[in-house]
Amino acid sequence: MSLAASDALPHPVARYLAFALPGGADPIEEAELLQSGELRVQPEARRWLKFTARQCAKPLSRSFHWNARVRMPLGTHVRVIDSYIDGTASARVSFLSVIRLGVEAGTPQLNAGALHRYLAESVWFPTALLPQSGIEWSDIDDCTALATLIDRSTPVTLEFRFGRSGEVAAVYSPGRWARSRGGYELLPWEGHFRDYREQAGMRIPFYGEVGWFRAGKLQLVWKGRIGKARYRFRR
């Protein structure tokens with residue numbers, strides 16, 4: 001993909017694309033990310049649970065599949081599978097990868113939440129953030145820009161905050177759907193990225209964390225590192 005259209009982009013976005021894609025790049029057809037880290041089910045939960053996961057993202061179809069093994073006490077584990085495919089999100093949880101504990105799919109709130117996640121995680125497959133990929137960028141200031149993505153009938157926006165080197169340092173939404181008491185509520189949501197490294201001719205962050213704001217305070221729920229990142233490009 002050419003960066004020629006970057007002249008019409010907000011300055012911090014053009015700077016980021018030059019940072020993340022220094023030589024330009026063919027469109028990423030598939031990204032495979034091996035992750036490890038810690039998560040907790042609710043922002044108020046005291047216990048952090050260790051996980052390992054494989055994420056497969058296909059930016060050309062705006063889809064992802066996240067398959068995680070979450071370590072539980074007494075040597076047990078829970079399998080968590082989140083996906084967003086063809087505009088429909090799905091979330092499945094099973095004990096020991098066999099006993100189904102919960103499944104949900106296709107609700108408007110789940111779809112929007114998954115598309116927010118896809119947009120935020122595009123820093124791991126940065127050709128998805130080019131305007132040719134359907135992202136509409138709006139200027140905020142010299143360090144911040146707003147990204148809007150519409151998939152099927154679901155629109156989402158995220159505020160991207162850029163660091164000194166041009167990297168995406170944080171993303172923010174004033175309202176992303178969160179599960180709450182058997183339903184959903186809109187809460188401010190924020191993610192941070194750091195430890196950028198060169199991978200397949202691009203620069204991506206190897207550390208990320210996300211959380212929800214409750215009572216004005218950011219409470220993290222996910223902290224993860226990239227172990228390996230593999231890409232297939234459309235030449």
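**Aromatic pairs and a buried aspartate**

Trp 137 counts as buried, at 10% relative accessibility, in this predicted model.

Reader: Which ring pairs with Trp 137, and is the pair stacked or edge-to-face?
Author: Happy to walk through that one! The ring centres of Trp 137 and Phe 160 lie 5.1 Å apart, with the planes at 70°. Planes over 60 degrees apart count as edge-to-face. So the partner is Phe 160, and the pair is edge-to-face.

Reader: How many residues apart in sequence are the parts that this pair ties together?
Author: Trp 137 belongs to strand E7 (residues 136-141), while Phe 160 belongs to strand E9 (residues 154-162). The pair therefore ties together parts whose separation in sequence is 23 residues.

Reader: Is Phe 160 buried or exposed?
Author: A residue counts as buried under 20% relative accessible area. Phe 160 has a value of 0%, so the answer is buried.

Reader: Where is Asp 82, and is it buried or exposed?
Author: Good one to look up in the structure! Asp 82 is found in strand E4 (residues 77-85). Its relative accessible area is 17%, and the cut-off for buried is under 20%. Asp 82 in strand E4 is therefore buried.

Reader: Which side chain makes a polar contact with that of Asp 82?
Author: Asp 82 touches several residues beyond four places away in sequence, among them Trp 66, Ser 90 and Arg 117. A polar contact of 3.2 Å joins the side chain of Asp 82 to that of Arg 117.

Reader: Which ring does the charged end of Arg 176 sit over?
Author: Look for the charged end of Arg 176, 4.5 Å from a ring centre. That ring belongs to Trp 189.

Key
Residues numbered from 1 in each chain as written. Predicted model: local features only at pLDDT ≥ 70, side-chain atom pairs only at ≥ 80, totals over all residues. Heavy atoms only, no water. Helix = DSSP H or I, 4+ residues; strand = E, 2+ residues; numbered from the N terminus. Buried < 20%, exposed > 50% of the residue type's maximum accessible area, 1.4 Å probe, protein only. Polar contact = N/O pair within 3.5 Å; in protein donor to acceptor, adjacent residues only side chain to side chain. Contact = heavy atoms within 4.5 Å. Phe/Tyr/Trp six-rings, centres within 6.5 Å; stacked < 30°, edge-to-face > 60°. Lys NZ or Arg CZ within 6 Å of the ring centre and 35° of its normal.
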